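Subject: Structure for you to look at

Hello,

Here is the structure I promised to pass on. Please open it beside this message and follow along.

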Amino acid sequence: MPHLVLNKVSVHYDGQPAVENVSIDVAKGDFVVLVGRSGCGKTSLLNVAAGLVEPARGAATIGGRPITGPGSDRAVVFQNDALFPWLTARENVAFALRLRGVPQAERARRADELLALVKLDGVGDKRIWELSGGMRQRVGLARALAAEPEFLLLDEPLGALDALTRERMQTTLLDLWTAAQVGVLMVTHGIEEALVLATRIVVLAPGPGRVVRTFETGFSRRYAAGEPIRAIKADPAFAAARGDLTDAIFEGEAA
Amino acid sequence: MSVTSYSERQPTGTGETDALSVPWSRPTRKRRVVSSRIISAATILVVLAAWALSARLQLVSPVFLPSPAAVWSKFIVVINDGFVDATLLQHITASLGRVFAALVAAIIVGVPVGLAIGISTVGRGIFDPLLEFLRPIPPLAYLPLVIIWFGIGEPSKILVIAIAMLAPVALSTASGVRGVSKERIDAARSLGATKRQVVRHVILPSALPSILTGLRIALGAGWSTLVAAELVAATRGLGFMIQSAAQFLVTDVVVMGILVIATIAFVLEFIIRRVERHLVPWAGRE
């Protein structure tokens, strides 16, 4: 089973350390969430995993092979959806297939399947600017899944959405994660979001970015096993975990 | 008691505010939209009227300013019988042919140069100083050199126009390339795109709105270089027609030629805006 591993990674920007000595291990089927205050290097770590940033020290590997650049085994979804407005929703989803030279008909068929998977049946011919923020992120997720990645790297994918859409998208993310059998590494600012989604939460602290605590949480597994999300959030264990996580994030900081 | 008196009052109160809000909010906005166009139309009419009046009252000699009617009748005459051995349509075709040949040349050279400037440091190092050198030189200044090097044939005329068009095309392309969102490029790379595929599938389409703006500016620059390009050894073309007319003091043909050039420029601008809307409907909507 492939692992996405960051081993004692340090990231420097202009000689300044942004992340110091962080190790993260994501197995296929894991949902690892990075949380922490601003400037703790969450996104830097994600970019190292994506192959977009080279670590100053340490190593990033996938299935034992070193990560030297971006690759379709690790598809990235950004906060700003980064869709291509000159393509329709369907063509956006099929982008990875087009790069591989998959024939047109096959591409369209596969893209429609993925659009259906993210509950966007029938919007394939729509232009990107005709879609709402939530729908765009769904297209972005479908586009990432089209590359058939082993890992999904999500950089605050729900950050730009309104609160209501966001809650709906959280369960969509969990459904996709279960259906696609991928490992997920995600960055978020939302404490509740982290608890709902993660199988493991890695709490980072800034100055320079380092891991302060790791929580093994099981709420998303419970959702995957069929428990409704409302029942999970109403569980006293959820509230307790929420308190612990909040404390861990703001530890050592004066309000 | 206070409850009943309150419920009785409410409907009249809302009725009044409704009556107030309608006349306040709508008509002012409507009037503003109409007025800008009306003012433009009125301005044109006033200019035309002033022109006609000064011609009618013979404030200025017709050699300096022919009347609108004279210009119009000359327009008809040149369409039918021609001026300096070619009809108006032939002059227009010759000029448009030169401008579009130059435009094609400017696109073939300018877009790749702009891509190189926008994408690579080496490309920027090579082409940026050359373009910055070329850009501010007026066409009349390099026209003699072009003639010495390439003779007085058709290629020289096209070249002069193309040089004027090159900088706007290349620089707009470069600025479009530099404006491509990093996230889009990263997204494409993480989906498995090679460098070449990123250029083809992300950078070029992202820069397309900017490239089209460049073409619009280039068409304007090329069209205004036309007269200079047709200064030497042309036998047809709107610029040539105006110059020949000026030599014989046929002022009505000069004025008519200017108006034709302006009209064609206006039509070209209109067409390229339609093309823009068709090709890059997403521009400004992201």
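Chain B has an average pLDDT of 85, and 88% of its residues reach at least 70. Keep in mind that this is a predicted model. Helix H1 (residues 2–56) of chain B has the lowest mean, 64. Helix H3 (residues 88–119) of chain B has the highest, 94. Look at residues 1–25 of chain B with care. Their pLDDT stays under 50, and the model gives them zero contacts beyond four places in sequence. Where pLDDT is low, the predicted coordinates should not be read in detail. For the complex, the predictor reports an ipTM of 0.86 and a pTM of 0.80.

**Chain B**

How many helices and strands does chain B have? There are ten helices and zero strands. Along the sequence the pattern reads α-α-α-α-α-α-α-α-α-α. Chain B has 286 residues, and 31% of them are buried. Now take its contacts between residues at least 6 apart in sequence. Of these, 71% join residues at least 24 apart.

**Chain A: two domains**

Chain A splits into domain 1 (3–73 + 149–250) and domain 2 (83–148). Their C-alpha centres are 25 Å apart. The two do touch: 14 residues of domain 1 of chain A are in contact with 13 residues of domain 2 of chain A. On the domain 1 side, helix H6 (residues 163–180) of chain A supplies the largest share, seven residues.

**Chain A: two sheets**

Start with the open sheet of four strands. Its order is E2-E1-E4-E5 (chain A), and the pairing is antiparallel. Strand E2 (16–27) and strand E5 (65–66) of chain A are the edge strands, each pairing on one side only. Inside the sheet, strand E1 (residues 3–13) and strand E4 (residues 57–62) of chain A run antiparallel to each other, joined by five bridges. One pair to find: A:Leu4 has A:Ile62 in E4(A) as its bridge partner. Helix H1 (residues 42–50) of chain A packs on this sheet and touches E1, E2 and E4 of chain A. The directions of this helix and E1(A) make an angle of about 125 degrees.

The other open sheet has six strands, ordered E6-E7-E8-E3-E9-E10 (chain A), with mixed pairing. Why does one side of strand E6 (74–77) and of strand E10 (210–216) of chain A lack a neighbour in the sheet? Both strands stand at the edges with a single partner strand each, so one side is left without a neighbour. On average, neighbouring strands of this sheet are turned by 20 degrees against each other, direction ignored. Strand E3 (residues 31–36) and strand E8 (residues 183–187) of chain A pair in the parallel sense over four bridges. There, A:Leu34 stands opposite A:Val187 in E8(A).

**A closer look at A:Ser44**

A:Ser44 sits in helix H1 of chain A. Is A:Ser44 buried or exposed? A:Ser44 counts as buried because it has 25 C-beta neighbours inside 10 Å, and the cut-off for buried is 20 or more. Leaving out residues up to four places away in sequence, A:Ser44 touches A:Val11, A:Ala18, A:Val19, A:Val53 and A:Gly209. A:Glu54 is ten residues from A:Ser44 along the chain, and their C-alpha atoms are separated by 9.5 Å.

**The core**

In soluble globular proteins, nonpolar side chains tend to be buried together. Here the largest nonpolar core holds 140 residues. Those that touch the most other members are A:Val33, A:Leu45, A:Ala49, A:Ala146, A:Leu185, B:Ile161 and B:Met165. Helix H6 (residues 154–178) of chain B gives the most to this core, 15 residues. Take A:Ala49 as an example. Beyond four places in sequence, its contacts are A:Leu4, A:Leu6, A:Ala60, A:Arg74, A:Leu153 and A:Leu185.

**Where the chains meet**

The contact takes 21 residues from chain A and 15 residues from chain B. On the chain B side, helix H7 (182–190) and helix H8 (195–229) are the elements that give two or more residues. Which of them gives the most? H7(B) does, with six residues.

Best wishes

Notes
Residues are numbered from 1 along each chain as its sequence is written. Chains are lettered from A and ligands numbered from 1 in the order in which they are written. This is a predicted model: local features need pLDDT of at least 70, side-chain atom pairs count only at pLDDT 80 or more; totals for chains, interfaces and linings use all residues. Two strands pair if DSSP finds at least two bridges between them. Two residues are in contact if their C-beta atoms, placed from the backbone, lie within 7 Å. Axes are lines fitted to C-alpha atoms, for helices over the stretch in contact, and angles run from 0 to 180 degrees between N-to-C directions. pLDDT is the predictor's confidence in each residue, from 0 to 100. A nonpolar core is a set of buried Ala, Val, Leu, Ile, Met, Phe, Trp, Tyr and Cys residues joined through C-beta atoms within 7 Å. A residue is buried if 20 or more other C-beta atoms lie within 10 Å of its own, exposed if 12 or fewer, and partly exposed in between; C-beta atoms are placed from the backbone. Domain bounds come from an automatic or database domain assignment.
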